[in-house]
Amino acid sequence: MKIVVCIKQVPDTKGGVKFNPDGTLDRGAMLAIMNPDDKAGLEAALRLKEQYDAEVTVLTMGLPKAKDVLCEAMAMGADKGILVTDRVLGGADTWATSTTVAGALRNIDYDLIITGRQAIDGDTAQVGPQIAEHLGIPVISYAQDIKIDGDKVIVQRQYDDRYHVLEAKMPCLITALSELNEPRYMTPGGIFDACDAEITTWGRADLKDVDDSNLGAAGSPTKIAKASDKVRKGAGEKVVPDSPEDAVNYIVGKFKEKHII
């Protein structure tokens, strides 16, 4: 079995968020981590590797420094790493990103593709399903459990206060929740092996069946109107009521004024 896990290097918000003048994230100036949902997807792939002797390839699109998350994934147990990076790919929205990743995946043999549900720097949950649409394969999203049965995957798909059990014939794509599992740590031996491992780097010329009009900022149908690191709130209104009854009356009055009640 061949599994490809799509991962993303995202800003570590604890270190602060920085923006370019056009409103896009200044990824080169920020501390970065592996996206949590993607890490859960990687852990799921590594467990399938242990069960079925699968080969796990990790793929990411990003700046050259995104190689760091590939090395981390390989230190956890992934077999191969592929970095897709090119200046013409910068500023991509979900459509352009999924087009790029799909173009790279067309060069790879796979039975199963696993992505995270969504990235913490965008929270759209669009890229995984869009990749599947580009490739013309089934997709099961919001996976909280994954099992293999012959040439099929059986997935528990999270849904409100319950879950659906869905089956799909491989090849297919699954988007993983961070609640799917507890990702393992890198091992010392894995870290040494990852440092010596070769990362494959692809650029625009390596993308298959992709039109330039669908790549990068120029090929992104959505644009950022405004972005900020924090939404600052005012001090609010302070009131000192004479009695508990006055406090209740004041609050109820405000609710009525705002048409809450």
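**Helix packing and local features of the predicted model**

Asn35 lies in the loop between strand S3 (32-34) and helix H1 (36-52), where helices (H or I, at least four residues) and strands (E, at least two) are DSSP runs numbered from the N terminus. The model is a predicted one, in which local features need pLDDT of at least 70 and side-chain atom pairs count only at pLDDT 80 or more, whereas totals for chains, interfaces and linings use all residues. Residues are numbered from 1 along each chain as its sequence is written, and side-chain values use heavy atoms, with hydrogens and water left out.

With a relative accessibility of 0%, Asn35 counts as buried, a term that means under 20% relative accessible area, with exposed meaning over 50% and partly exposed lying in between (1.4 Å probe, protein chains only). When neighbours within four places in sequence are left aside, Asn35 is in contact with Lys8, Val10, Gln118, Ala119 and Ile120, contact being defined as heavy atoms within 4.5 Å. Helix H1 itself contains Glu43, which is buried, with a relative accessible area of 2%. Apart from its neighbours within four places in sequence, Glu43 is in contact with Asn181, Glu182, Pro183 and Arg184.

Taken as a whole, the protein chain has six helices and 11 strands, and its C-alpha trace spans about 70 × 45 × 40 Å along the principal axes. Of the 261 residues in the protein chain, 39% are buried. Among the contacts with a separation of 6 or more, 69% are accounted for by residues 24 or more positions apart.

Two packed helices are described by the angle between their axes and the distance between the axes. For helix H2 (residues 67-76) and helix H5 (residues 188-196), the axes come within 7 Å and cross at roughly 135 degrees; axes here are lines fitted to C-alpha atoms, for helices over the stretch in contact, and angles run from 0 to 180 degrees between N-to-C directions. This makes H2 oblique to H5, since angles under 35 degrees count as roughly parallel, over 145 as roughly antiparallel, 65 to 115 as roughly perpendicular and the rest as oblique. The crossing of H2 and H5 is right-handed, a crossing being right-handed if the near helix is turned clockwise from the far one by less than a right angle, and left-handed if anticlockwise. Cys71, Met74 and Ala75 of H2 make the contact with Gly190, Ile191 and Ala194 of H5. By class, this contact of H2 with H5 has five nonpolar residues, one polar and no charged, where Ala, Val, Leu, Ile, Met, Phe, Trp, Tyr, Cys and Pro count as nonpolar, Asp, Glu, Lys and Arg as charged, and the others, Gly among them, as polar.

A second pair is formed by H3 and H4, whose axes come within 8 Å and cross at roughly 50 degrees, which makes H3 oblique to H4. The crossing of H3 with H4 is right-handed. On the H3 side the contact is made by Thr94, Trp95, Thr97, Ser98, Thr99, Val101, Ala102 and Leu105, and on the H4 side by Val127, Gln130, Ile131, His134 and Leu135. The residues of this contact of H3 with H4 divide into seven nonpolar, six polar and no charged. In helix H4 (residues 127-135), the buried residues are Gly128, Gln130, Ile131, Ala132 and Leu135, and what covers them includes helix H3 (94-105), strand S6 (112-116), strand S7 (139-149) and strand S10 (172-176).

Several backbone features occur around these elements. Ala125, in the loop between S6 and H4, has a positive phi near 60 degrees, in a residue other than glycine, and just after H4, Gly136 takes a positive phi of about 70 degrees. The peptide bond from Met170 to Pro171 is cis, with omega near 5 degrees, and Pro171 lies in the loop between strand S9 (162-169) and S10.

Asp209 is found in the loop between strand S11 (200-202) and H6, and counts as exposed at 63% relative accessibility. Although Asp209 is not a glycine, its phi is positive, about 55 degrees. Asp209 and Arg106 are 103 residues apart in sequence and 8.2 Å apart in space, C-alpha to C-alpha. Helix H6 (residues 244-257) has 14 residues, which at 1.5 Å a residue should span 20 Å, and its end C-alpha atoms are 20 Å apart, which agrees; the expected span is 1.5 Å times one less than the number of residues. After H6 comes His259, whose phi is positive, near 60 degrees.
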